[in-house]
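Please examine the sequence and the three-dimensional structure shown below before reading this report.

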Amino acid sequence: MMKEHAKLMKVISSAGEIIGRKKLQKMIYIAKKIDLPFYEKYNFHFYGPYSEELTLRIEELCNLGFLNEVHEKRGGYFQYRYSLTDTGTEFLGHYDLDLPPFEGCMLHLNEQSSRFLELVSTVLYFDGLEQEEVKEKVFTLKSKQRYTEEEILEAYKYIENIRGLVAEELAKH
């Protein structure tokens with residue numbers, strides 16, 4: 001049971017701190033889509049791919065005292081910050097995880113805006129379609145975000161770059 005929880009703790013530990021539930025959801029989804037060993041089930045939701053399973057795991061980690069979740073009021077909404085607690089760090093130190101190296105990938109993903117990660121994860125969600133069809137899906141499903149063609153091309157480039165980064169990390173391992 002705790003292996004998937006420990007992987008999430010490792011992600012947050014690698015990133016240092018993740019600001020935003022949406023960002024965390026997208027980081028895990030993108031990692032899963034570029035063949036890192038994450039197995040949460042995702043459905044398409046208002047903000048793109050979303051996993052109820054991931055939300056429950058994060059909640060459990062907070063309840064166990066392994067994750068720190070800080071709520072901040074930002075304008076008209078609440079923002080959440082996630083970091084590992086000392087107890088979480090200690091637990092992770094005793095947990096033997098056989099994982100491919102993904103620290104660089106998580107740091108890179110964490111540096112991106114939630115808006116951009118929403119676009120990247122949406123592009124990946126429809127990765128079985130032709131690029132023109134994906135563009136139409138983005139323009140239709142994400143019309144409120146007002147993504148441009150340039151941003152969609154940037155998302156495709158980013159996906160290739162992040163795959164390359166993971167391949168590099170694997171080659172060094």
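## Basis of the model

This is a predicted model, in which local features need pLDDT of at least 70 and side-chain atom pairs count only at pLDDT 80 or more, while totals for chains, interfaces and linings use all residues. Residues are numbered from 1 along each chain as its sequence is written, and side-chain values use heavy atoms, with hydrogens and water left out.

## The nonpolar core

In soluble globular proteins, nonpolar side chains tend to be buried together. A nonpolar core is here a set of buried Ala, Val, Leu, Ile, Met, Phe, Trp, Tyr and Cys residues joined through side-chain atoms within 4.5 Å. Buried means under 20% relative accessible area, exposed means over 50%, and partly exposed lies in between, with a 1.4 Å probe and protein chains only. The largest nonpolar core has 49 residues, of which I28, L36, F38, I58, M106, L109 and V120 touch the most other members. Two or more residues come from each of α1 (2–15), α2 (21–33), α3 (52–63), β5 (77–84), α5 (103–110), α6 (114–125), α7 (131–141) and α8 (149–172). The most are given by α1, which supplies seven residues. Helices (H or I, at least four residues) and strands (E, at least two) are DSSP runs, numbered from the N terminus.

L109 illustrates such packing. Contact means heavy atoms within 4.5 Å. Apart from its neighbours within four places in sequence, L109 is in contact with M27, I30, L117, Y158 and I162.

## Salt bridges

A salt bridge is a side-chain nitrogen of Lys or Arg within 4 Å of a carboxyl oxygen of Asp or Glu. The structure holds 14 of them. One joins the side chains of E118 and K22, at 2.8 Å from N to O. Because E118 lies in helix α6 and K22 in helix α2, this pair ties together parts that are 96 residues apart in sequence. E118 counts as buried at 1% relative accessibility, whereas K22, at 25%, counts as partly exposed.

R57 and E53 form a salt bridge whose closest N and O atoms are 3.3 Å apart; both residues lie in helix α3, four residues apart, about one turn of the helix. R57 is buried at 14% relative accessibility, and E53 is partly exposed at 25%. In helix α7, E132 and K135 are three residues apart, also about one turn, and their side chains meet in a salt bridge of 2.9 Å, N to O. Salt bridges that share partners also join E17, E72 and R81 into one network.

Which residues of α7 are buried? They include V134, K135 and V138. These residues cover an arc of only 105° around the axis, which puts them on the same side of α7; the arc is that of the directions from the helix axis to the C-beta atoms. K135 has a relative accessibility of 8%. The cover over the buried residues of α7 includes α6 and α8. The face turned away from the buried side carries the exposed residues E132 and T140.

## The largest pocket

Rolling a probe the size of a water molecule over the atoms shows where empty space is left. On a 1 Å grid over the protein atoms alone, a pocket is an open set of points where a 1.4 Å probe fits, with protein on both sides within 12 Å along at least five of seven lines; lining residues have an atom within 4 Å of a point. Grid points are joined across faces, edges and corners, and a volume is the space filled by probe spheres set on the points.

The largest pocket has a volume of about 330 Å³. It is lined by 17 residues, of which R21, K22, Q25, Y50 and T55 are the closest to its centre. At least two lining residues are supplied by each of α2, β3 (48–50) and α3.

## Individual residues

H45 belongs to strand β2 (residues 43–45) and is partly exposed at 43% relative accessibility. Not counting residues up to four places away in sequence, H45 touches Y50 and K142.

Most residues other than glycine have a negative phi. D35, in the loop between α2 and β2, has a positive phi near 75° and is exposed at 68% relative accessibility. R146, in the loop between α7 and α8, has a positive phi of about 55° and is exposed at 70%.
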